Structures are given as C-alpha cells and as structure tokens.
Amino acid sequence: MHQQQQFFFELLAVLATSAAIVLAVATLRSSQVTVTAAQESETQGALQVLDASGKPKAICPLKHTSVKAEISGFISRVVVTQEFENPFKEKIEAVYTFPLPQNAAVDDMTMLVGDRTVRGRVLRREEAQAVYEAAKTGGKVASLLDQERPNIFTQSVANIMPGEQIKISISYVETLKYEDGSYEFVFPMVVGPRYIPGNATGSSVSSGNGFAPDTDSVPDASRITPRPVAKGMRVGHDISLEVALDAGVAIENVSSGSHAIDMQRPSVAQAQVRLKSSSVIPNKDFILRYDVAGKGISDALLTHRSEKGGFFTLILQPPDRVTVTDVTPKELDFVLDTSGSMNGFPIEKAKETMKLALDSLYPADTFNLITFAGDTHVLFPEPVPATLANLQKAQAFLASRSGSGGTEMMKAIRAALDPSDAQGHIRIVCFMTDGYVGNDMEIISEVKNHPNARVFSFGIGSSVNRFLLDKMAEQGRGEVEYVALNDDGSAAARRFHERVRNPLLTDISLEWNGLPVADVYPQRIPYLFGAKPVILSGRYTAAGNGVVRLKGKMSGRDFVRDIPVAFPEAKTQHDVLAPLWARSRIDDLMSQDFNGMQQDTMRPDLKETITGLGLEYRLMTQYTSFVAVEEMIVTDGGTPRRIDVPVEVPEGVSREGVFGDGDKAMGFMAGAPKSRRIVAYSNISPSVGQTVTVTSSGSDSKAKRESKKLGGGGSGGGVGVGTGRRGGVSAASSPRSLGGAVTLEEAAVDEAKLSPEEEKRQLLLAKFHPAVLAVIERLKINAKPGADEVRFIRGEKADVQIWLTDKSPEALAKLKELGFEVILDPKTAKLVIGRLPISNLEKLAELKFVRYVAPQVSS
C-alpha cells in the first residue's frame, strides 16, 4: 500500500476519536483503517484501546451513559446520567451531541463533582452560554445543556482535570405511545447523520464541530452533525438501561425487538426490565413494547393544582371500529428516499414495504411513484390507474432503485404535494425515509402548507429522525409508522392499507360546554387511524363538574359521545402535568413559525413566549438552556482543550453510503457557494497517486474529466455539500473553513513536467494542511496571518499536530531543535501535538519522518 495512503488511513482512524484532534475535514481520507491498536489495558493519555472482544475502541471523555426509567400508567419519568472522565494529560472541555425523545419535557439537570451536587439553572440560551463561558475562562468546572432540535441536544462540560470524573444527570418526562392494547417506550441512543442542504455561509456563530458546515438553509448545521467514530472502531462509551414498569393493570407480552433484555415480574402489574448487557454500544433506538389486560383504555382525567394554577390531561378512549371498508377510488403517491443513508438494508426494507403497499391498491385507484436523493425522479407525468401493466412498471422501477447521494427531501415534498393544491379531492402521500436531514423544520412547514394532502410517513431504520416523521404526519393529518430493519414489512403495509381505507375517527372536535378550561392542546385534534386514545393537555381556572362532548366522523357517519368530568379545587398529585402542558404549548407555538425557528428568525412574540414558558416551567427549549457551575473549585492551566465525543453510525446505515469510500463523491451533505456545486467532505481526501473523476457543468451539459496525480490537499469522495444543480466540481475546503483548500483542477499535475519549484510545491502540498501552508506563504511576504489562520496562531508560534513515520527519541529531539514544545504526546499513535515558531514551519517539510502537519484548533 502506498505510504501516503497508509498515512491518511491512520489519520482518519484517530481523527474522530482523539480528544485533541480537531482537523479540517478536507484533509482526511475515508478508507480501510489500519491503525495499530495498543495491546495493553487503557492508560491515561492513550488514544486507542481494545474492548473485551479485541476490537479497537475510541478513547473519549464520555465513558458511560446510564438510563433509568420509571413508567406509571401512560407517563414515564427518565433520568439519563452521563459519566465523563478525562483520560488526557491536560484539562479538557468535553462536548457531546446526543438524542432524547422528540416529545420529552426536559425539566432538570444536575452535575456531580466529587461529592458535591450542583443543580442546573434554566436561563435564556445566550445568558446560559455567557455564564458557562465565564466559568470556563475562570477555571471553574461547569456544564451547559443546549437543545438544537426537540430530539437533539448538546452537553458541554468544561475544565475536567486529568483523571477526574464528572457526572451529569438529565431528567425528563413524556407520555407513552398506545395503540390496540399495546404501549411503547422508546429511548434513542444516537443522532443519525444529517444531510445539510443550502449554501455554506462560512459562519462560525453556531460554534459546532460537526462534519457539515453551517448553511443558509441550516444555520446550525455544525451543531447537529456529530462526527462518527472512525471506520473499524467502536465508540469509547457504552450504555446501560433499566425500566421499572407499573401499569396499574395486568401486563402481558413484555418484549423488545431492538435489544436483548432481562426481566423480573414482582407482580402481574409490574415488571423490571434491563438490557442483558450493561455495556451496549449506543447505535440504535431501544424499543420496549408491552400489552395490558383487556386490550382497551378507559376514559381518564388527571389533574394537578398548585400556585401556578390548574393543569389537566384528558384521555378519551377510542370508539370501537366499524368494519366498513371504503372502496371509493383513492389517489396515492408513494415517495421513496434513495439517498446514501438508505443504502443497503434500509432501502431494501423500504422497497419491501412499498411493494406490498402497491399490491394492495384497488384497480380504480390512481397512483404515482417518486424517488429522491440528490435529484427527484417521478415515474409517471401524473397519477395513473392501478392497472396490472402500470403496477408492473412501478415494481420494475422500484426494484431498480439503490441508495446513494444526498437527501434533497424538499424537492420530493413539493413534487408530491404541490399538485394537491389545485385538486378537488384528497391526495394521499406515503413517504418512506430515515429522515436524516438538517432542514427538518422547513420540511414540516412545507407539509403544513398543503391542506389538501394526507401525509403518511414511514420511518425506515434503527435510529430514524422521529421528530421529523412525527410532525410530517401530524401536520399532514396522516399517521406515522416505524419499521425497524428486523420488523415485518407486510404488517406495516397492512396497517397502511387499513388506515387509508378505514380510518377510525376523522374531523374530531371537543365541546367543553362552559367548563372553566383554557389553553387546550393540541388545538387541532389529529385523526384516529387506529385504536389510539385522544389525549389533550390543558389548564383549568376553577373547580367544576360537567360533560365534555367528543364529536367526529366514522365511516362517513356522525359520531358523538359525552364524557362526564370533574375538576377539583385542590390536587397536589400528578405534578408532571404542568411541564407536560407547557411542552404541548411550546409545540403549538413552534408550529406557528417552523421556518422562522429553522432560520433563527422566529417571530419575536412567539420566541418570547417560548422562552417565558421554558423559564417558568424549568424546561429545555430552543431558547432556554441548563447551566451548572461548581463555584468551590477553581482549576489552573489556562483554557481547556475541546474534545468532541464521536458517535456510532446507526445500525444498518451504510457508512460508505453516507460518508463515501474515498473513491468517488457521494454528495450526501450540501452547503456550497452558489456559483457551483462543491463537495465538502468529512474524514476524506484523495492521496498522492489517486485517480479522481471530476464532473463539471456549464448549463445542463456534463463533461467528465479525470485528474491525474494529486499532490495532496484536494478533496474527493464521501459526504459533500452542494446546491442541488446538475453536475458539479468536486473541490472543497474544510467545513470549518480553515484556509483555502486546493481544488482538484489546481492539484491535477503531470509528473513528467514538474519543475524543481513545482516538485517542492507538491511536497509542501503533500505535507501541510492548506491553512498551515497559507501561514508559510504569508510569512514569505511579511503578511499577517488571515482570519482563519489566527485560530491556531499564538503570537509568533503555531499550535500544530505533527504526524510522524518515526517517533523515536531521535526524531523528537530533531523537532525540539526547531523549537517545538510538546503539549500532548499520545503513546499509542505516531502523533505529537504542540507549539512551533511559525518561522520554522516550512523546515518540517525537510524532515523525512514528518508525514503531515495540521493546525491544532482550540474551540
């Protein structure tokens, strides 16, 4: 294997796992990892260790996550404890991007430092950030919890001293999903890779270290795209989970299709469930299902009253199904995500389910089939009758699809929903995807704009974007279905057929008949397609008795049911109803301006109301955060080094489909300058001698050109950014915008024609990151470092990472002769991190044992 290629492989393996490595992604190459693992047990300062099975394990400051859930009736209280430990020789700041359920009301955070517990405060997001930064700068141990999306959060912990352990506990409450006698508890474990549309802005406002740059469509993209662990390795942290279940009635058939579990049954109404292994790799959702005796749910009114007022949750049992199948011709559009993240098992499961759904069409129905990745493909110009010939065309078209490219979901949404606006009938749209996009709120807003369509979303995979899929179905007045890779696709197709043909209850409304209630959510009650209860959260202003009338349509006929209710004067129980109501109201406020929330330009009145709810009810929102500061301990040693915790690629997701294999551009991530399509890559770079195909575009024509030998510094393959135009130029800078990357055109050279100056230039390109090279070039003309270079320049010295072929004492001594000061010397990698006079940077190229020099950026 070429020595230069071998270097890039090793560089990738350590990048996503090393606490001290914040490399610009355009310099890295994604390919087979061949890093030599340490053969001894883990020690402080090591960059790589082995797990129990001998698999290389990434070292990172997050050691373990413990999840403990208590379920009572239909409500769960969950405490998530994250255990951080500093394995390095200097103090650090640990940053971890992780998921929580999309409907969770996160209402507490505590930090345990030694034997001291510090309870977090809820502040406006910018105020919490200021408190945290001040504590970090002042050497105090501090933690900050931010919400990026309703299902994506960022935990930051500053000033963790070497060898020190800090625990962060996060608590939330949520209601469980119920249908046909079965409850479902879901705990997500990993944030899947998000496709980022739009044009890269170069902004550093969001301060994220994700694999994608911020764009004009997703201004916080760098905060919702945590870097994956390197190929061939597993994350250095694991997870344990326990569920204490008290259903109040007899429990039957407790099971998990996602994980192996152990279970104890203290009584017929109780169960104690835990993961069979206490160190599970966090790479998929945990899903627990259980049935209750009677297979039904009764009407119930839960109330709570405190100094904040009265709160209630009303649960209304669904009506019995009337078995009248609607054979009226339907118009159905089937939309399939064929992007890179769906490659392999997910797309095959989606195709299986969609094929069965097509088979269930009636001859008088009309249908169409749309697939989308970077581009959208529509099978027929308009919906066609479900004849045998047309269905055969659809099945052949479906069979030919495979997963690759980006996820330009908005194009598919508009292609499927726009025609419904001019129709006098309802269009039913079945949308199958993993939902891995960063512009999820923009998409939800678009669905809301088409009231003449019914959207049925199918989440395909082990760790899908449930926030997006839930809201698409909610705003589209349809239903959501989740199909794991080991689930029965025919059962999902059957349920879809039944929901379309025989919805249980539609056009639902509630009459309160003068009862003292206010602010009841959801304000628009969703249709019932299965035996689910109607669940409402609201406030009541005084005690009172009365009758609530539930109205709707069942099989075209009016449905009316009266339910007696009583609101008490005093009720101290069920205090979780207050945050659950506040969370429901926040959802409603968000839905009034999803686009504004996506762009951080939300209507001021809505933003202020959401902020006020977060502060009053101690809740996480987009605009309120938890912060905790240990005031008694002050550390020394200057600013801590930021360490981003790597995450697993979700189970079943093709790593190559998302991040590429280093041989071709996958174009999975977007975000390029408007003038042309550009691919910005994570953990990818072509090495010297690699052949790369470049597709360029003037208008609609395409011309292919092969570059010859690359001298380094270019980009190729993997996760890219683009404007969605046809064709493209695979040239990119790092998502962190560290200096101008060399384009493929600039790097394409003919070795036979190289002059001595060109040979030296190629040597510099091969050995130096573009940002470091820019400093060298500026030094030659006595120019000051640019804005990008300033990030790793300290006076007359540069903070750099130096990758070596030889890490002998003699080699290190030669580095020290150049004035190199070692900051971090990991013992299991041929890497040193430290500080070097900028006047001696170019001299590193003359040392044969120096393979690559990259900037060491402190966040």
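1. Two residues are taken to be in contact when they have heavy atoms within 4.5 Å of each other. The model discussed in this note is predicted. With that cut-off, the cover over the buried residues of helix α8 includes the strands β12 (177-179), β21 (331-337), β25 (427-433), β26 (453-460) and β27 (480-483), together with helix α3 (345-359).

2. Helix α8 itself spans residues 489-501. From the first C-alpha to the last, its 13 residues reach 19 Å, close to the 18 Å expected at 1.5 Å a residue. The buried residues of α8 are Gly489, Ala491, Ala492, Ala493, Phe496, Arg499, Val500 and Arg501.

3. Helix α7 (residues 466-475) is largely enclosed by the rest of the structure, because nine of its ten residues are buried. Buried here denotes under 20% relative accessible area. The residues concerned are Arg466, Phe467, Leu468, Leu469, Asp470, Lys471, Met472, Ala473 and Gln475. Just after this helix, Arg477 adopts a positive phi of about 55°.

4. Strand β9 (residues 140-149) is likewise described as largely enclosed by the rest of the structure, since nine of its ten residues are buried. Antiparallel pairing links β9 to strand β10 (residues 152-160) through seven bridges, and a hairpin of two residues connects β9 to β10. Strand β9 also pairs with strand β33 (residues 624-634), again in the antiparallel sense, over five bridges. Leu144 faces Ser156 in β10 and stands opposite Val627 in β33.

5. The chain contains 16 helices and 43 strands. Of its 859 residues, 61% count as buried. Among contacts in the chain with a separation of 6 or more, 74% are between residues 24 or more positions apart. The accessible surface of the chain amounts to about 32,000 Å², with 49% of this belonging to carbon and sulfur atoms.

Conventions: Residues numbered from 1 in each chain as written. Predicted model: local features only at pLDDT ≥ 70, side-chain atom pairs only at ≥ 80, totals over all residues. Heavy atoms only, no water. Buried < 20%, exposed > 50% of the residue type's maximum accessible area, 1.4 Å probe, protein only. Helix = DSSP H or I, 4+ residues; strand = E, 2+ residues; numbered from the N terminus. Expected span 1.5 Å × (residues − 1). Areas by Shrake-Rupley, 256 points an atom, 1.4 Å probe, with all protein chains shown as cover. Pairing = 2+ DSSP bridges.
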